[in-house]
Amino acid sequence: MSSEALTARAGIDMARVRAWLPAYGVYVAIVLLVLYNIFFTPYFLTWSNLRIQLIQVAPIVIVALGMALVIGTEGIDLSVGSVMALAASLIPLYLGYGVVGAILVSLLAGLGVGLVNGTLVARVGLQPIVATLALFVGGRGLALVISGGQLKDVRNDNLIFLGSGDLFGLPVLVWIAAVLVLIVAFVVRRTVFGRRLLAIGGNRASAELAGLPVQRVLIAVYVTCSVLASIAGLLAVARIQSSDASAVGLLIELSAITAVVVGGTPLTGGRVRVLGTVAGALLMQLVVATMIKHNLQPSTTEMVQAVIILIAVYVARERKTR
Amino acid sequence: MALLEVVNVSKVFPGVRALDDVSFTLQPGEVHALVGENGAGKSTLIKVLTGVYQPDGGELRYCDEPVSFATPMDAQRSGISTIYQEVNLVPLMSVAHNLFLGREPRNRFGLLDENRMNREAAEILGPYGVTTDVRRQLGTLALGAQQMVALARAVMIDARVVIMDEPTSSLEPREVETLFGVIRDLHARGIGIIYVSHRLDELYQICDAVTILRDGRLVHTGQLAELERLRLVSLMLGRDASQVRKEGATAFEADQHEGTGGAPVLRATNLRSRHKLHDISFDVKPGEVVGLGGLLGAGRSETIKAVGGAYPLDGGEIEVDGRHLKRHSTVQAVKAGIAIQPEDRKAEGIVAGLSVRENIALAVLPRMARMGLVSDAKIDEIVDVYMKRLRIKASSPHQAVGDLSGGNQQKVLLARLLATQPKVLLLDEPTRGIDVGAKVEVQTLIDELAAEGLGVVLVSSDAEELIEGAHRVVVLRDGVVVGMLTGAEVTTEDLLATIAAAAPEDKDEQ
Amino acid sequence: MTQGVVAEPEVPGKIVADETRRAERTDRIVGHVQRQGALAVLLAVVIIAAAVFPNFRSYANTATILVAAAPPMLIALGMTFVIITGGIDLSVGSQFVLGGVVAAYASRWGLIAALLAPLLICGAIGLLNGVLIAHTRMAPFIVTLAALLGARGLMRALSSEGSTTYLVRSDAFHRLGSGSFLRIGYPVWLVAVLVLIGIVVLSRTRFGHAVYAIGGSEDAASLMGVAVRRTKVWVYVMSGVLAGLAGAINAAKLGSGVTVLGTGMELDAIAAVVIGGTLLTGGAGTIAGTIAGVLLLGVIQNMINQVGNLNSSYQQVISGAFLAVVVVAQTYLGKLRRVT
Amino acid sequence: EDSDTAADSAGTSSAGAQVVQSAAPGAETCTLDQFGGSKIDLKTAKVGFSQSEKEANPFRIAETQSIKDEAAKLGITNLTTTNANSEFNKQISDVEQMIDAGVQLLVIAPLNSDGWDSVFAKASAKKIPIITIDRQINATPCKDYLTFIGSDFEKQGQRAADEMAKALDNKGEVAILLGAPGNNVTTLRTKGFKEEIAKVAPDIKITFEQTGNFARKDGQNVTEQLLQSNPNINGIYGENDEMALGAEVALKGAGKQPGDVKIVSVDGTKGAVQGIVDGWFSAVIESNPRFGPLAFDTATKFFNGEPIPSNIIIQDRQYDESNAKSDLNSAY
Ligand SMILES: Nc1ncnc2c1ncn2[C@@H]1O[C@H](COP(=O)(O)OP(=O)(O)OP(=O)(O)O)[C@@H](O)[C@H]1O
Ligand SMILES: Nc1ncnc2c1ncn2[C@@H]1O[C@H](COP(=O)(O)OP(=O)(O)OP(=O)(O)O)[C@@H](O)[C@H]1O
Ligand SMILES: [Mg+2]
Ligand SMILES: [Mg+2]
């Protein structure tokens, strides 16, 4: 074999790696981090540890799913944390009517916020970041007003089961997140709604001219995102067995956006990577867990997170030939 | 001495060899035509010449010195000035700012001298026929005027080479004349010009030399006068001269000038929109192609968009097949059977990031689905049908549309319209910027569709296309219907006469 | 300057005569209203506040609002440039805190050090942001989100996890933050000067026009020979430097490098800029609008305080509602213009 | 079903009122003359209260409520309250605006101990007395501000350490759930705890310190991680009750029984005291938020010309097995 052929093959391999990395880089990063932990973190490779990581990442995954859809339409939703708080604040109020009733009410709250966001974006034509900023500020205030500003303990066994129970050996929380992941992945890939969403994110003007119900789809996307956030909110209540409107979902919008972007979904819309989003959330969770397990200072954790985000996004960035 | 020279240049994009060992020489004072089918590599060659792309192989020589331009700015500084294929100006900035961007006049404090800039801008643009307020946002100008601003900008600097990539695709005949005036002047001053166009008449009018590309390879270079039209087209298409019967003219069947009978499939009555459209009425019968004529800015695109529900109306009625459209929206229009192909393919037509397949199926997803779930088999079926019927050239249905050449993008767009099985097709400049081969195909297709009973509304700046393609022509000026040509009246002379008759003085106050 | 002396077209008529002059005039008037929309809303709110709350009218209260608005104003000034290029800078809040801590620490070496150190450090972070954004084409949102974390981590690392508050040791530096001229604090004067410079730079220099061009259409700007990358890098450096300066001034006013600051400041700045009529998509916007936006947020806060006794939760609800109303009003003014 | 709400008992009941530690003899005092202010009648005076954090945890709720209730009780009609929502700059401008609006007495719950220079400049120009509550401000009493009323946070840490040592029999591994980084309370409660542990029980090792941001959710998350990586942990010190309650949930989730891991925390909220009753908590050191009566009492005395100590440290109680059940109602 001539040396030319050799370099040619190496070249092709490099090209392949380059095409492959953006899509799968985040999985590589997870594997590397897990390997590091297996060797350097005591008690890492235990079932109970894996369980904890999955439980902790579940709410972020659920919120990030909705965020991924919104980002797919070239939007962004800052209000998810406030929606979680709103959902959480309603749970104790309506728990008297049974778990189902309380859950329905909190989902309705998510629906309401989503309608407002969606209407502001799709009909009024506000830029998503500003439209959702209003509810980011006001939503949590409303949640605090509803809850009287107080943390309330929740002692309903059914609800607590959602937060800390097990089903077939896996936490209920994880089951719920997994099912939602599958549903969203299915919706994005297989449904009319999903395809329309991507087209709108890719080129809104042309989607409009093609006769797609752009406003309806956009509103539905924001509603979906908010409802997913309210699911995360009520699960958070179930998990910490209390409803704390001031703390639930604080800063989760940034974690969710990070998960989505690290997972390879571009902020420019037109594409949604559902599994990538899950991986992105898992990666950030593992980073924080690793830092905590090694008892590092918050300053170190933050700086390491910054570097990992940059590396992940650098690897996954869109490469235009130039 | 050669002014600008490329030697054995190659450029590879993922999956495409856009330029393969191409050489090309530009002499001072020469107007050099660069021709080829859509996707032949013309734009790519130009981008290599001007530092937008770095060549993967080969050499670039400027004034007999090897050079390499890292950025378009480098090329510009050395005196290579370019008008790119898509108008590349900043729509949100004023006309004057666009003209002077990066070389604004400054006062002694180093601050911009806005007044001087505006004054000079007005002076510079005068000869190009652009007499608007130069403080206006560029984006509010008609495309043709924008193109003129781009031209003025390119010529303004001390250029030794001026490159024009399809400068006339959005120009009116009068504007084309202005452009040719500029080119002749540059020619006289010894400036080298590279001129890309699909309009063969123009090439023979002003070009000295010609280089023909096909599939990224050089197939011919030489003096244009020595090359017959037929031969040029056959070289471009890579087909035998005998096969290329029609020369430059359209592919429409010429003898279709009598209207078809029957009730109108589309009737627009008294469409009104503030400042833009004033009581526009017309109808289209099944099997009929109705042309919309007029100068740039006459409101043809607005009319079409208004009918398609994409432009706000203050009043008026739209009926499809005798049924009145209740709500004015694109959703309703598409439901009623109206399909619209917008003028600006990139901005409003294709979804560049999605595949050919997704683009074609986009408007008919509900039909391709059961209970909201999309059936890939059904999609593949129609995609296959339309890719074959329109002869869409793509490496696979999964290729991103953004990576296709202009002509193929246009075909994908048409396929999307046809997939909705419309009753009325609204086509805004359907052949703009696509090559002779694709043009023939699109024109033939329009004929076929009309023959199948569709109503077609055709907007075109190409008078020939309008005359030969349409059964009737509605002439617009300043948003008002000023005439209607039917039957034997549908001739170039009558069209120009109607446009000219509606002189500005006649109807200043509305 | 050569302007190709060109043959006159055969018919020396108007090619672009598509609109009546009247339409152009209305266009311009409505355009003015829209551009001044934030100012109009600000005026309305101020008049209402002055009518309802007697205390609002006092000179002292006005001065307090202005001094409190000084740091946000600097941050929003930088953010305006960033947003006009079509970008966003989420790291300014962290940089603001970092700037304050560094300034307080460096004040032991005097005024110059106290001012220079934060500018250098935050400028460097801005440079990193700019280089990553301009040269690797990573999304500004995510790059600056990482910088938000990084800068905060750095601040915590410098202040033993935030528990050490460095006191300002230079009297001159302290005076810079607390002194006043005509009963209006020095920070306000400083900001006024910088804002004026900002306005001149944005509207009257080639750099400013490059900023607009990049936001309007990056590809076009690059093809027209604008130094896109360099301009972008500078814009993020500016944003960082201004955030650092804002932090330093704040530290000078407070007399120490407080570490528990700055959360959410980036969102306030973005809100102010957008309320001021700048498009988040880039290409259009004014600094005057941004000033109105920042003051509007300040005045709303002041009004809420004037009511007194309002529970913190209600305050948030009202802020959110107000924000929505203002932005929706702004958008409708903007639409009015497009439709006409 | 919900737990009973805290508001019933907060501030309104006389149970759990603050008690001042007997001042050290010869401690500094301040009088109206020394301060340079003028006598005013509290009833008609304009009074401003600046709260630092959202009224979203029991401590802040009880604190604000207590100020409002006491003002109402004394017939003070002109009380303005602001809330900085944890934004320090907002608190500064809140207070400055109240000064501009002409308040004659300021009660401040400061978010941070440093950074009050601009406020002091304004207040001292108008001779407005400032009473800071719960957190101290680093400045000169009787000049910049009148006095400080509050707990000794370092002492709270020390007492928690003593209780932890007792619960663990002076040996074992302990984890600290730190409060929000950068907060003086965090710093002092950490310092007091660590120093005291080193002194009284050198065999107790502090093997883990992570921030729980004073929030239950974070306390739970961190504890869950902690239980995985340090399974041998014997005690958890929560720098507030909320985080400790989060730890309790985490312990339950990990299948631990009450008492397997000893929890000691600071604050004295109902939930935590209930935790003692249930056996999860070993002890809770109180940090009493009912500042209203003491603050206004001090102000009244001050305007009457009586000398006011410059540091009014309140006596914090503590709850353990012995009194948890009986005193549950005086917890807030
Ligand atoms: N950035 C790019 N990435 C990938 N492929 C590209 C890119 N630009 C061009 N191509 C491909 O390179 C080939 C040549 O394109 P080019 O734009 O040069 O054609 P052209 O001759 O200018 O066609 P047209 O007449 O339609 O403008 C086409 O197949 C096109 O799809
Ligand atoms: N995207 C746009 N934004 C604002 N104004 C526009 C836009 N497009 C067109 N216009 C305005 O509308 C007028 C008419 O548009 P246009 O030139 O497209 O009309 P037309 O008759 O369809 O011409 P043609 O289709 O041949 O370009 C123009 O003068 C222009 O000022
Ligand atoms: Mg081309
Ligand atoms: Mg048009």
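**Entry 1: where chain D meets chain A**

I looked up the polar contacts between chain D and chain A and found 16 residue pairs, both residues at pLDDT 80 or more. A polar contact here is a pair of N or O atoms within 3.5 Å; within protein, one must be able to donate a hydrogen and the other to accept it, and residues adjacent in sequence count only if both atoms are side-chain atoms. Strand S9 (204–211), helix H7 (216–229) and helix H8 (241–253) of chain D each supply at least two residues of the side that touches chain A. Helices (H or I, at least four residues) and strands (E, at least two) are DSSP runs, numbered from the N terminus. H7(D) gives the largest share of that side, nine residues. I sorted the residues of this side of chain D into nine nonpolar, twelve polar and ten charged. Ala, Val, Leu, Ile, Met, Phe, Trp, Tyr, Cys and Pro count as nonpolar, Asp, Glu, Lys and Arg as charged, and the others, Gly among them, as polar.

A note on the source: this is a predicted model, in which local features need pLDDT of at least 70 and side-chain atom pairs count only at pLDDT 80 or more, while totals for chains, interfaces and linings use all residues. Residues are numbered from 1 along each chain as its sequence is written, chains are lettered from A and ligands numbered from 1 in the order in which they are written, and side-chain values use heavy atoms, with hydrogens and water left out.

Next I took the contacts, meaning heavy atoms within 4.5 Å. On this count, 31 residues of chain D are in contact with 33 residues of chain A. The two chains bury about 2,800 Å² between them, 47% of it on carbon and sulfur atoms. Buried area is the accessible area (1.4 Å probe) that two parts lose on being put together, summed over both. Which residues of chain D lose the most area to chain A? They are D:Arg216, D:Gln225 and D:Gln228, together 23% of what that side buries.

I then counted two salt bridges between chain D and chain A. A salt bridge is a side-chain nitrogen of Lys or Arg within 4 Å of a carboxyl oxygen of Asp or Glu. D:Arg216 and A:Asp153 meet in a salt bridge, at 2.8 Å from N to O.

**Entry 2: the disulfide**

I searched the whole structure and found one disulfide over all chains. The cut-off is a pair of cysteine sulfur atoms within 2.5 Å. D:Cys30 and D:Cys142 form it, with sulfur atoms 2.0 Å apart. The link is right-handed, with 70° about the S-S bond. D:Cys30 lies in strand S2 (residues 29–30) of chain D and D:Cys142 in the loop between strand S6 (130–133) and strand S7 (147–150), so the pair ties together parts 112 residues apart in sequence.

Are these cysteines buried or exposed? D:Cys30 is buried at 0% relative accessibility, and D:Cys142 is buried at 17%. Buried means under 20% relative accessible area, exposed over 50%, partly exposed in between (1.4 Å probe, protein chains only).

**Entry 3: salt bridges elsewhere**

A:Arg190 forms one with B:Asp376, the closest N and O atoms being 3.0 Å apart. This pair crosses between chains, from helix H7 (residues 172–190) of chain A to helix H13 (residues 376–389) of chain B. A:Arg190 is partly exposed at 27% relative accessibility, as is B:Asp376 at 25%.

Within chain D, the side chains of D:Arg60 and D:Glu53 meet at 3.4 Å, N to O, in a salt bridge. Both residues are buried. I also traced salt bridges that share partners: they join A:Arg190, A:Arg195, B:Arg357, B:Glu358, B:Asp376 and B:Asp380 into one network.

**Entry 4: chains B and C**

Of the five pairs of chains that touch, chains B and C have the most contacts. No contact joins chain B and chain D, and their closest C-alpha atoms lie 37 Å apart.

I picked out B:Glu104, in the loop between helix H3 (95–100) and helix H4 (114–125) of chain B. B:Glu104 is buried, at 1% relative accessible area. Leaving out residues up to four places away in sequence, B:Glu104 touches B:Leu112, B:Met117, C:Arg206 and C:His209. A polar atom of its side chain lies 3.2 Å from the backbone nitrogen of B:Gly102.

Chain C has 14 helices and two strands. Of its 340 residues, 59% are buried.
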